[in-house]
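Please look at the sequence and the structure shown here.

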Amino acid sequence: MLEILYQDEHLIAINKPSGLLVHKSPIDKRETLFALQLVRDQIGQWVYPIHRLDKPTSGVLIFALNSEVARMLSEDFKAHQIHKEYIAVVRGYTPHEALIDYDLKVLLDKKADKDRSDNKAPQEARTQYHRLATVELSYAVSRYPVARYSLVRLLPQTGRKHQLRRHLKHIFHPIVGDTKYGRGEHNQLFREKFGSHRLLLHASKVTFSHPITGEEMMIEAGVDEVFKRVLNLF
């Protein structure tokens, strides 16, 4: 059973676990379980996806319960009127806070986007971050005698594919557990020492105006036991 964070007659929000696809995708044909399907079966009615979280990312995921609300929420996302907040564990000590303003090339999947052109100019992409805590672990990694990490709050101002993961890589503070953009030696350390086999990126909060009532909504999601174990290090 998925954790339901909020539900009314218009929309539902769940806490998506890491490793679960939002919906069926040609990118990963072997998967048989999807958040959309599980939510539909759990509440006994059709749901409409509004936004996505990467498969390895956990946290707040919102679905509409009818097509009109889906349209309204989708427009709000495009207009940047829905604000998402993430937490992540990254390699090294980041600055206390900064804005990553770095355009990102459009990422196309060989299967899902085979008919699209990859000649588009890079898209503007901005991520604000704040360092929440740091930790130094007495494990040698690569050429360093100790390993240092930061816990950061991430506030994306745009919504590009893999934006947070690519932006953190760009500033040389990749997210721990990221097998695509991260550092293998740090991922291996967290697997071996802390049993963490997941991307340490979590959508912790979403704030928006309810499309029907106009009420200011703030939906928060707690982390799983693996992420919690890592947070205890800080």
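H173 is placed in the loop between α3 and α4 (184-194); helices (H or I, at least four residues) and strands (E, at least two) are DSSP runs, numbered from the N terminus. This is a predicted model, in which local features need pLDDT of at least 70 and side-chain atom pairs count only at pLDDT 80 or more, while totals for chains, interfaces and linings use all residues. Residues are numbered from 1 along each chain as its sequence is written, and side-chain values use heavy atoms, with hydrogens and water left out.

With a relative accessible area of 12%, H173 is buried. The word buried means under 20% relative accessible area, exposed means over 50%, and partly exposed lies in between (1.4 Å probe, protein chains only). Not counting residues up to four places away in sequence, H173 touches V90, R91, G92, Y93, T94, P95 and L168; contact here means heavy atoms within 4.5 Å. Just after α3, F172 takes a positive phi of about 65°.

The helix α3 itself is largely enclosed by the rest of the structure, because six of its eight residues are buried. These buried residues are Q163, L164, R165, R166, H167 and L168. Their cover includes β5, β6 (97-101), β7 (126-137), β8 and β9.

The next topic is the nonpolar core, which is a set of buried Ala, Val, Leu, Ile, Met, Phe, Trp, Tyr and Cys residues joined through side-chain atoms within 4.5 Å. In soluble globular proteins, nonpolar side chains tend to be buried together. The largest such core here has 26 residues, and F63, L154 and L201 are those with the most contacts inside it. At least two core residues come from each of β2 (11-16), α1 (35-43), β4 (58-64), β5 (83-91), β8 (147-156), α3 (163-170) and β9 (201-209). Leaving aside neighbours within four places in sequence, the contacts of L201 include Y86, I87, L154, L164 and F227.

How many aromatic pairs does the structure hold? The structure holds three. Rings of Phe, Tyr and Trp (its six-membered ring) pair if their centres lie within 6.5 Å; planes under 30 degrees apart count as stacked, over 60 as edge-to-face and the rest as tilted. The pair of Y139 and F194 is edge-to-face, because the ring centres are 6.3 Å apart and the planes are at 75°. Y139 lies in the loop between β7 and β8 and F194 in helix α4, so this pair ties together parts that are 55 residues apart in sequence. Y139 is partly exposed, with a relative accessible area of 28%, whereas F194 is buried at 12%.

The rings of Y149 and F190 also form an edge-to-face pair, because their centres are 4.9 Å apart and their planes are at 85°. This pair links distant parts of the chain, with Y149 in strand β8 and F190 in helix α4, 41 residues apart. Y149 is buried at 0% relative accessibility, and F190 is buried at 1%. Ring pairs link Y139, Y149, F190 and F194 into a cluster.

Finally, E124 lies in the loop between β6 and β7 and is partly exposed at 44% relative accessibility. The side chain of E124 makes a polar contact with the side chain of R126 (3.1 Å). A polar contact is a pair of N or O atoms within 3.5 Å; within protein, one must be able to donate a hydrogen and the other to accept it, and residues adjacent in sequence count only if both atoms are side-chain atoms.
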